[in-house]
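The following paragraphs lead through the aromatic rings of a protein model and then through the surroundings of its ligand. Please keep the sequence and the structure in view while reading.

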Amino acid sequence: MPIKLTQPFDDTVISTQEKSFLRNLQANILKGHGREHVALLFLEVTDAPKARAFLHAFPVTDAHTQLQDALQFKATRSPGGVVRLAFLSQRGLAKFGRQGAFQGFGAFAGGMAADTQVLDDGTTASWQDELKRPLDVLLLVAYHHEADFARIVGKLAADLGDEDSGFAIRFVQEGRAYKNADGEGIEHFGYVDGRSQPLMLQSELAKEPRTVYDPAAPLSQFLVPDPLDPPGASSHGSFFVFRKLEQDVAGFKQAEEALAADVGMTGADEERAGAQVVGRFEDGTPLTLHQAAAGVPVANDFDYSADAAGGKCPFHAHIRKTNPRGSSPGGLAFDKGVQMARRGITYGVRLQDPDTKELVDQPNDGVGLLFMSYQASIENQFRFMQTVWANNENFPKAGIGMDPIIGQRGTLGQHWPPIYDSTAGAIQKLFAGFVTLKGGEYFFAPSIAGLRNL
Ligand code: HEM
């Protein structure tokens, strides 16, 4: 039986055929690799034959190895090995003469820098110089142990620095994860991140209550037949979006406090101001389930049908904009189909209280999110979510304003209801400007056979 892409993947019993499917798929697509240290090496191809040979020998981690590592971790708590992944931009594919196989994939062909609708101010003026340079290939290395990780990345950088590699290193970006006292990953504004994901593995679905909102997603939402595949083979790859999003933590925290004061949220209710920005409290509890839910991980089995007027969770809140869970004009199947596999990690170093795990300093810059996502269509998923939902001041209703975290170029004040579960007396105020795009690119994550056939 061929692998059915129209449904999630059953990883609870793996047949020989499923094993060969997994062995030919890069890790990190079906589920996040979970390592706490990541290095992204952005490369320019200087000599295509040599670079091709380098990539052929690069030991990319496959999905089967990742799933085996995860099982071993569950049984013995012993963490898995180094994860190594490889991605090519359209420009990189052109260097290897393979761009012709990638016709009809929309904005992928022009690259992110040319995609004005997803840029702050429509230009790359906000980008750091290193990321404005040509980025042909991205290699990602991830590991749990900081000192060994530094050694492994150093060795790879030295190999790439050798003129025989066929590459020049243009930029190395490191990422490191932060966790709260419950061991949940947090982003720099202090909120649990990564809680809600479309799930494509049965083992992950089995852990989630899903009577109201079912995060199950078919493989075809993330995988495409690999255009680099040799004819007659059947391999899969995925389109990959990278965005370096810098966070002004001090500015955000001051604006959160000012918002609470303006809306008149005091005492125990003060935190609701930030929750109206994100759609969740810092511990991840959805605003829509506020006063109902408890526990770790927090509940994710909800939709907005009991909050149709936006009195609990405003329409502009980041998680309501980016996943309306069936409340958009497109309906549930459509909203679910836009979801990507988000695999981001924070970057930059913070001061963390060793006991409470609170991030105590409040930098203006130098920290942020390395947003990374896998999808079958950049056009219908990342781009759609960013431009038709997050940036759009009239989605899902006229005049509600843009997403206060990732929205770009909006000027309308969003509506902030002071009373929980009521829109009465909502004040209008623009909350924006605390996330800046420092660079990004559209890539393709080829199958392992496709990479060998480059
Ligand atoms: C610095 C930038 C960003 C920050 C600080 C941020 C923060 C968060 C937080 C705290 C959550 C809640 C946890 C969760 O539901 O997993 C979340 C969820 C989410 N974010 Fe972001 N995010 C950022 C960028 C983006 C971007 C660029 C996109 C897509 C264009 C995006 C799409 C989503 C989606 C789809 C969800 C899950 C919503 C759901 O399923 O209910 N985020 N984000």
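Is F105 buried, partly exposed or exposed? F105 has a relative accessible area of 28% and is therefore partly exposed, where buried means under 20% relative accessible area, exposed over 50% and partly exposed in between, with a 1.4 Å probe and protein chains only. F102, in turn, counts as buried because its relative accessibility is 2%.

The model is predicted, so that local features need pLDDT of at least 70 and side-chain atom pairs count only at pLDDT 80 or more, while totals for chains, interfaces and linings use all residues. Residues are numbered from 1 along each chain as its sequence is written, and side-chain values use heavy atoms, with hydrogens and water left out.

Rings of Phe, Tyr and Trp (its six-membered ring) form a pair if their centres lie within 6.5 Å; planes under 30 degrees apart count as stacked, over 60 as edge-to-face and the rest as tilted. The count by this rule is 26 aromatic pairs. One of them joins F102 and F105, a tilted pair with 6.0 Å from centre to centre and 50° between the planes. The pair W389 and F395 is stacked, because the ring centres are 5.3 Å apart and the planes lie at 15°. W389 counts as buried at 2% relative accessibility, and F395 counts as buried at 7%. F102 and F105 also belong to one aromatic cluster with F108, F239 and F444.

Two rings carry a charge over the face, a term that requires NZ of Lys or CZ of Arg within 6 Å of the ring centre and within 35 degrees of the ring normal. K244 lies over Y347, 4.7 Å from the ring centre. The charged end of R325 sits over the ring of Y213, at 4.4 Å from its centre.

R325 leads on to the ligand, since R325 is among the closest of the 27 residues that surround it, together with R195, S196, H318 and N323; a residue counts here if one of its heavy atoms lies within 4 Å. In this shell, 13 residues are nonpolar, eight polar and six charged (Ala, Val, Leu, Ile, Met, Phe, Trp, Tyr, Cys and Pro count as nonpolar, Asp, Glu, Lys and Arg as charged, and the others, Gly among them, as polar). A polar side-chain atom of S196 lies 2.5 Å from an oxygen atom of the ligand, and one of H318 lies 2.9 Å from a ligand nitrogen atom. Strand 8 (236–247), helix 10 (318–322), strand 11 (368–375) and helix 12 (379–390) are the elements that give two or more residues to the shell; helices (H or I, at least four residues) and strands (E, at least two) are DSSP runs numbered from the N terminus.

Methods: Polar contact = N/O pair within 3.5 Å; in protein donor to acceptor, adjacent residues only side chain to side chain.
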